[in-house]
Amino acid sequence: QGQLVESGGGLVQAGGSLRLSCAASAEIASAYDIAWHRQAPGKQRELVALITTRSSTYYTDSVKGRFTISRDNTKNTVFLGMNSLKPEDTAGYYCNAEGEYMYWGRGTQVTVSS
């Protein structure tokens, strides 16, 4: 059964960096585009970045130039590198794969202090 497991969240000061990891089961990693979403308290979940199976990428405007999504197919893992973090980036970050089925991870918390 498909599975996504996030890691790498934490507390960081504004201007700092973090790298999130999304470990996918093999059947997801080989066949699905994978995305990172985030949800802050009281706000709707939003798409942050996406990477296709061919490594094309998409970013929401608020993170362009600061975040980088990548995938390591040898490790079945998708990464989200986050630089120049801002307090407004504070949220739970969730990994998602959508295709024949939809999968979500349980999330990892990112907190950026001012």
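This is a short talk on one predicted protein model and what can be computed from its atoms.

Some ground rules before the structure. Residues are numbered from 1 along each chain as its sequence is written, and side-chain values use heavy atoms, with hydrogens and water left out. Because the model is predicted, local features need pLDDT of at least 70 and side-chain atom pairs count only at pLDDT 80 or more, while totals for chains, interfaces and linings use all residues.

Let me start with the overall picture. The protein has one helix and 11 strands. Helices (H or I, at least four residues) and strands (E, at least two) are DSSP runs, numbered from the N terminus. In sequence order the pattern is β-β-β-α-β-β-β-β-β-β-β-β.

How does the radius of gyration fit a compact globule of 114 residues? Such a globule would have a value near 13 Å, and the protein has 13 Å, which agrees. That radius is taken over C-alpha atoms, and the globule rule is 2.2 Å times the number of residues to the power 0.38. Along the principal axes, the C-alpha atoms fill a box of roughly 40 × 25 × 20 Å.

Next, the surface. Of the 114 residues, 45% count as buried. Buried means under 20% relative accessible area, exposed means over 50%, and partly exposed is in between, with a 1.4 Å probe and protein chains only.

As for contacts, meaning heavy atoms within 4.5 Å, take those between residues at least 6 apart in sequence: 52% join residues at least 24 apart.

Now to strand S3, residues 18-24. Five of its seven residues are buried, so S3 is largely enclosed by the rest of the structure. Which strands does S3 pair with? Two strands pair if DSSP finds at least two bridges between them. S3 pairs with S1 in the antiparallel sense over four bridges, and Leu-4 has Ala-24 of S3 as its bridge partner. S3 also runs antiparallel to S8, joined by six bridges; there, Ala-23 has Thr-77 in S8 as its partner.

Strand S1 itself covers residues 4-7. Leu-4 and Glu-6 form its covered face, and Val-5 and Ser-7 its uncovered one.

Asp-33 sits between helix H1 (26-31) and strand S4 (34-39). With 31% relative accessibility, Asp-33 counts as partly exposed. Beyond its neighbours within four places in sequence, Asp-33 is in contact with several residues, among them Leu-50, Arg-71 and Asn-96. Between Asp-33 and Val-110 there are 77 residues in sequence and 23 Å in space, C-alpha to C-alpha.

The other two have something in their backbone to point out. Most residues other than glycine have a negative phi. Ser-55, in the loop between S5 (46-51) and S6 (57-59), has a positive phi, near 70°. Asn-76, in the loop between S7 (67-72) and S8 (77-82), has a positive phi near 55°. Is each of them buried or partly exposed? Ser-55 is partly exposed, at 41% relative accessible area, and Asn-76 is partly exposed at 24%.

That is the end of the talk.
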